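Reader: I would like to go through this model with you and ask, for each label you use, what value stands behind it. Please set each value against its cut-off before you draw a conclusion.

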Amino acid sequence: MGKEPDYRFSLANERTFLAWIRTGLALVGGGLAVAAFLPQPRFAIAREVIATALLLLGAAVALRAVDRWSRAERAMRLGQPLPPSRFPAALALIIGGGAIALLVLVVTAGLRP
């Protein structure tokens, strides 16, 4: 669809896609590590909640990466402005909030080996 964009822009779009995929894989790996290696905290369900949240977030990042890549590629081919994205800011807020929640859990609930 449309005309072929300058290959440098397509390659930059692909690098951005791969960076998001790496982020998603890191979140999935973190979720698996939590499920496999984190000692059981005082609150029995905490480990499962943390692992599940990381796995779901990793899946969401990977799916969003595909959507963002395809929308940017389409916009470049049609000569339109790149679509705006609030996802990076939302992801940063989610991860920051999760880190604060985990800090509180570590300090108050004894999430130590």
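**Pockets, a patch and salt bridges**

Author: The largest share of the lining of the second largest pocket comes from α1, which supplies 4 residues. Please keep in mind throughout that this is a predicted model.

Reader: How do you know how the lining residues of the second largest pocket divide into nonpolar, polar and charged?

Author: Each residue is assigned by its type, with Ala, Leu, Met and Phe among the nonpolar ones and Arg among the charged ones. On that basis the lining of the second largest pocket divides into 5 nonpolar, 2 polar and 1 charged.

Reader: What is the volume of the largest pocket, and which elements give two or more residues to its lining?

Author: About 300 Å³ of space lies in the largest pocket. The elements giving two or more residues to its lining are α1 (7-37), α2 (46-78) and α3 (87-109), and α3 gives the most, with 6 residues.

Reader: Which residues lie nearest the centre of the largest pocket, and how is its lining made up by class?

Author: Of the 13 residues that line the largest pocket, A53, L54, G98, A99 and L102 lie nearest its centre. By class, the lining has 12 nonpolar residues, 1 polar residue and no charged residues.

Reader: Turning to the surface, what makes L103, V106 and V107 a patch?

Author: Nonpolar side chains are joined into a patch when they lie within 5 Å and their residues have over 30% relative accessible area and no salt bridge. L103, V106 and V107 form such a nonpolar patch, with about 260 Å² of accessible area together. V107, which has its place in helix α3, is exposed because its relative accessible area of 56% is over the 50% cut-off.

Reader: How many salt bridges does the structure hold, and why is the contact of E4 with R77 called one?

Author: The structure holds 6 salt bridges. A salt bridge needs a side-chain nitrogen of Lys or Arg within 4 Å of a carboxyl oxygen of Asp or Glu, and in the pair of E4 and R77 the closest N and O atoms are 3.2 Å apart, which meets that limit. E4 lies in the segment before α1 and R77 in helix α2, so the pair ties together parts that are 73 residues apart in sequence.

Reader: Is R77 buried or partly exposed, and what other salt bridge does its side chain form?

Author: R77 has a relative accessible area of 24%, and so R77 is partly exposed. The side chains of R77 and E73 meet in a salt bridge at 3.5 Å, N to O, and because R77 and E73 are 4 residues apart in helix α2, about one helical turn separates them. E73 is called buried because its relative accessible area of 10% is under 20%. Salt bridges that share partners join E4, E73 and R77 into one network.

Reader: How do you know whether R8 and D6 form a salt bridge, and which of the exposure classes does each fall into?

Author: The side chains of R8 and D6 meet at 2.4 Å, N to O, and this is within the 4 Å limit, so the pair counts as a salt bridge. R8, with a relative accessible area of 52%, is therefore exposed, whereas D6, at 26%, counts as partly exposed.

Technical notes. Residues are numbered from 1 along each chain as its sequence is written. This is a predicted model: local features need pLDDT of at least 70, side-chain atom pairs count only at pLDDT 80 or more; totals for chains, interfaces and linings use all residues. Side-chain values use heavy atoms; hydrogens and water are left out. On a 1 Å grid over the protein atoms alone, a cavity is a set of points where a 1.4 Å probe fits but cannot get out, and a pocket is an open set with protein on both sides within 12 Å along at least five of seven lines; lining residues have an atom within 4 Å of a point. Grid points are joined across faces, edges and corners, and a volume is the space filled by probe spheres set on the points. Patches are made of residues with over 30% relative accessible area and no salt bridge: like charges are joined within 9 Å, nonpolar side chains (Val, Leu, Ile, Met, Phe, Trp, Tyr) within 5 Å. Accessible areas come from the Shrake-Rupley method with a 1.4 Å probe; for residues, only the protein chains shown count as cover. Buried means under 20% relative accessible area, exposed over 50%, partly exposed in between (1.4 Å probe, protein chains only).
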